[in-house]
Amino acid sequence: MSDLDQIDILSGLKPGSELYAIRRERPEFVEGTELCRETVLSPNHGFGLSHALRAALASRMARFIGREDLAAVYDLMLDDAGSDPDLASIASGAETALAADAFTSAIIRHADLVTETPRNGSRADIERLEKAGLTNPQIIALSELIAFVNYEARVLAGLSLLEEVE
(Lines give C-alpha, C1' and ligand atoms only; values in the text may rest on other atoms or scores of the structure.)
Protein backbone atom coordinates (compact mmCIF):
# COMPACT_ATOMS: atom_id res chain seq x y z
CA MET A 1 0.00 0.00 0.00
CA SER A 2 1.24 3.47 -0.84
CA ASP A 3 1.98 5.92 1.92
CA LEU A 4 -1.09 7.85 0.84
CA ASP A 5 -4.53 6.40 0.44
CA GLN A 6 -7.52 7.97 -1.27
CA ILE A 7 -8.70 9.61 1.94
CA ASP A 8 -5.27 11.16 2.52
CA ILE A 9 -5.16 12.47 -1.02
CA LEU A 10 -8.69 13.89 -1.09
CA SER A 11 -8.43 15.45 2.36
CA GLY A 12 -4.99 16.91 1.64
CA LEU A 13 -3.14 14.98 4.34
CA LYS A 14 0.59 14.77 3.86
CA PRO A 15 3.01 12.32 5.47
CA GLY A 16 4.53 14.10 8.42
CA SER A 17 1.44 16.14 9.20
CA GLU A 18 -0.23 15.76 12.58
CA LEU A 19 -3.49 14.44 11.13
CA TYR A 20 -1.66 11.94 8.94
CA ALA A 21 0.15 10.65 12.03
CA ILE A 22 -3.07 10.51 14.02
CA ARG A 23 -4.76 8.44 11.29
CA ARG A 24 -1.83 6.03 11.30
CA GLU A 25 -2.22 5.45 15.03
CA ARG A 26 -5.20 3.28 14.04
CA PRO A 27 -3.84 1.36 11.03
CA GLU A 28 -6.78 -1.04 11.13
CA PHE A 29 -9.06 1.84 10.14
CA VAL A 30 -6.75 3.05 7.37
CA GLU A 31 -6.20 -0.41 5.90
CA GLY A 32 -9.77 -1.46 6.61
CA THR A 33 -11.14 1.47 4.64
CA GLU A 34 -9.03 0.57 1.62
CA LEU A 35 -10.01 -3.08 1.84
CA CYS A 36 -13.64 -2.10 2.18
CA ARG A 37 -13.36 0.11 -0.93
CA GLU A 38 -12.03 -2.82 -2.94
CA THR A 39 -14.66 -5.16 -1.56
CA VAL A 40 -17.68 -3.00 -2.28
CA LEU A 41 -16.52 -1.58 -5.61
CA SER A 42 -14.64 -4.50 -7.15
CA PRO A 43 -15.75 -7.64 -5.34
CA ASN A 44 -14.74 -11.08 -6.47
CA HIS A 45 -18.42 -11.95 -6.73
CA GLY A 46 -20.49 -9.00 -7.91
CA PHE A 47 -23.89 -10.61 -7.40
CA GLY A 48 -25.04 -9.20 -10.70
CA LEU A 49 -24.06 -5.65 -9.78
CA SER A 50 -21.24 -4.85 -12.16
CA HIS A 51 -18.12 -2.94 -11.25
CA ALA A 52 -19.19 -0.19 -13.65
CA LEU A 53 -22.65 0.12 -12.08
CA ARG A 54 -21.09 0.25 -8.63
CA ALA A 55 -18.69 3.01 -9.74
CA ALA A 56 -21.57 4.96 -11.33
CA LEU A 57 -23.63 4.72 -8.15
CA ALA A 58 -20.64 5.72 -6.02
CA SER A 59 -20.07 8.76 -8.19
CA ARG A 60 -23.75 9.70 -7.99
CA MET A 61 -23.81 9.39 -4.20
CA ALA A 62 -20.61 11.42 -3.84
CA ARG A 63 -22.19 14.18 -5.94
CA PHE A 64 -25.35 14.19 -3.82
CA ILE A 65 -23.22 14.49 -0.69
CA GLY A 66 -21.40 17.42 -2.26
CA ARG A 67 -18.02 15.73 -2.76
CA GLU A 68 -17.19 16.45 -6.39
CA ASP A 69 -13.59 15.43 -5.71
CA LEU A 70 -14.74 11.99 -4.61
CA ALA A 71 -17.18 11.79 -7.51
CA ALA A 72 -14.30 12.52 -9.90
CA VAL A 73 -12.38 9.55 -8.48
CA TYR A 74 -15.37 7.31 -9.06
CA ASP A 75 -15.87 8.78 -12.54
CA LEU A 76 -12.34 7.64 -13.41
CA MET A 77 -13.14 4.22 -11.98
CA LEU A 78 -16.29 4.16 -14.11
CA ASP A 79 -14.32 5.06 -17.22
CA ASP A 80 -11.84 2.26 -16.50
CA ALA A 81 -14.67 -0.21 -15.92
CA GLY A 82 -16.36 0.66 -19.20
CA SER A 83 -18.84 3.49 -19.01
CA ASP A 84 -21.72 3.98 -21.41
CA PRO A 85 -24.37 6.73 -21.72
CA ASP A 86 -26.70 5.02 -19.22
CA LEU A 87 -23.99 4.63 -16.60
CA ALA A 88 -22.73 8.16 -17.22
CA SER A 89 -26.28 9.41 -16.67
CA ILE A 90 -26.47 7.54 -13.37
CA ALA A 91 -23.10 8.95 -12.29
CA SER A 92 -24.08 12.49 -13.26
CA GLY A 93 -26.92 12.47 -10.79
CA ALA A 94 -29.56 12.89 -13.48
CA GLU A 95 -33.11 12.67 -12.15
CA THR A 96 -33.90 9.69 -14.29
CA ALA A 97 -31.21 7.62 -15.87
CA LEU A 98 -31.52 7.49 -19.62
CA ALA A 99 -32.76 3.98 -20.23
CA ALA A 100 -32.90 2.51 -16.77
CA ASP A 101 -34.96 -0.64 -16.46
CA ALA A 102 -37.03 -1.38 -13.34
CA PHE A 103 -34.09 -3.20 -11.72
CA THR A 104 -31.66 -0.33 -12.24
CA SER A 105 -34.27 2.33 -11.42
CA ALA A 106 -34.95 0.64 -8.08
CA ILE A 107 -31.24 0.55 -7.30
CA ILE A 108 -30.81 4.22 -8.17
CA ARG A 109 -33.86 5.23 -6.17
CA HIS A 110 -32.65 3.32 -3.12
CA ALA A 111 -29.11 4.73 -3.29
CA ASP A 112 -30.57 8.24 -3.58
CA LEU A 113 -32.98 7.68 -0.69
CA VAL A 114 -30.40 6.31 1.71
CA THR A 115 -27.83 8.93 0.77
CA GLU A 116 -30.11 11.95 0.90
CA THR A 117 -32.74 11.07 3.51
CA PRO A 118 -31.70 7.90 5.32
CA ARG A 119 -34.23 8.36 8.09
CA ASN A 120 -37.03 8.07 5.53
CA GLY A 121 -36.03 4.52 4.63
CA SER A 122 -38.39 1.74 5.63
CA ARG A 123 -39.13 -1.92 5.13
CA ALA A 124 -41.24 -0.89 2.14
CA ASP A 125 -38.07 0.35 0.42
CA ILE A 126 -36.44 -3.05 0.79
CA GLU A 127 -39.62 -4.69 -0.49
CA ARG A 128 -39.51 -2.34 -3.49
CA LEU A 129 -36.01 -3.65 -4.27
CA GLU A 130 -37.26 -7.24 -3.99
CA LYS A 131 -40.19 -6.49 -6.30
CA ALA A 132 -37.74 -5.05 -8.83
CA GLY A 133 -35.94 -8.37 -8.85
CA LEU A 134 -33.04 -7.87 -6.46
CA THR A 135 -32.01 -10.88 -4.44
CA ASN A 136 -31.00 -10.69 -0.79
CA PRO A 137 -27.27 -10.86 -1.68
CA GLN A 138 -27.79 -8.00 -4.15
CA ILE A 139 -29.63 -5.92 -1.56
CA ILE A 140 -26.83 -6.54 0.92
CA ALA A 141 -24.17 -5.69 -1.66
CA LEU A 142 -26.01 -2.48 -2.57
CA SER A 143 -26.36 -1.59 1.12
CA GLU A 144 -22.64 -2.12 1.66
CA LEU A 145 -21.81 0.14 -1.28
CA ILE A 146 -24.16 2.86 -0.06
CA ALA A 147 -22.79 2.63 3.47
CA PHE A 148 -19.18 2.75 2.31
CA VAL A 149 -19.51 5.80 0.05
CA ASN A 150 -21.42 7.70 2.72
CA TYR A 151 -18.85 6.69 5.36
CA GLU A 152 -15.96 7.72 3.12
CA ALA A 153 -17.52 11.10 2.36
CA ARG A 154 -18.09 11.78 6.05
CA VAL A 155 -14.53 10.84 6.97
CA LEU A 156 -13.31 13.21 4.27
CA ALA A 157 -15.54 15.98 5.58
CA GLY A 158 -14.28 15.44 9.12
CA LEU A 159 -10.63 15.37 8.15
CA SER A 160 -11.06 18.45 5.99
CA LEU A 161 -12.54 20.33 8.93
CA LEU A 162 -9.72 19.18 11.22
CA GLU A 163 -7.15 20.16 8.60
CA GLU A 164 -8.62 23.69 8.54
CA VAL A 165 -8.25 23.93 12.32
CA GLU A 166 -4.63 22.75 12.30
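Which residues does threonine 33 touch, not counting residues up to four places away in sequence? They are Ile7, Phe148 and Tyr151, where contact means heavy atoms within 4.5 Å.

Before I continue, a word on the source. This is a predicted model, in which local features need pLDDT of at least 70 and side-chain atom pairs count only at pLDDT 80 or more, while totals for chains, interfaces and linings use all residues. Residues are numbered from 1 along each chain as its sequence is written, and side-chain values use heavy atoms, with hydrogens and water left out.

Threonine 33 sits in helix α3; helices are DSSP runs of H or I, at least four residues, numbered from the N terminus. Threonine 33 is buried, at a relative accessible area of 3%; buried means under 20% relative accessible area, with a 1.4 Å probe and protein chains only. A polar atom of its side chain lies 2.7 Å from the backbone oxygen of phenylalanine 29.

I turn now to helix α4. It comprises residues 51-65 and reaches 21 Å from first C-alpha to last, close to the 21 Å expected at 1.5 Å a residue, the expected span being 1.5 Å times one less than the number of residues. Because 11 of its 15 residues are buried, α4 is largely enclosed by the rest of the structure. The cover over those buried residues includes α3, α5, α6, α7 and α9. After α4 comes glycine 66, with a positive phi near 95°.

Within α4 we find methionine 61, which is buried at a relative accessible area of 0%. Leaving aside residues up to four places away in sequence, methionine 61 touches Ala111, Thr115, Leu145, Ile146, Val149 and Asn150.

Note on methods:
Helix = DSSP H or I, 4+ residues; strand = E, 2+ residues; numbered from the N terminus. Buried < 20%, exposed > 50% of the residue type's maximum accessible area, 1.4 Å probe, protein only. Polar contact = N/O pair within 3.5 Å; in protein donor to acceptor, adjacent residues only side chain to side chain.
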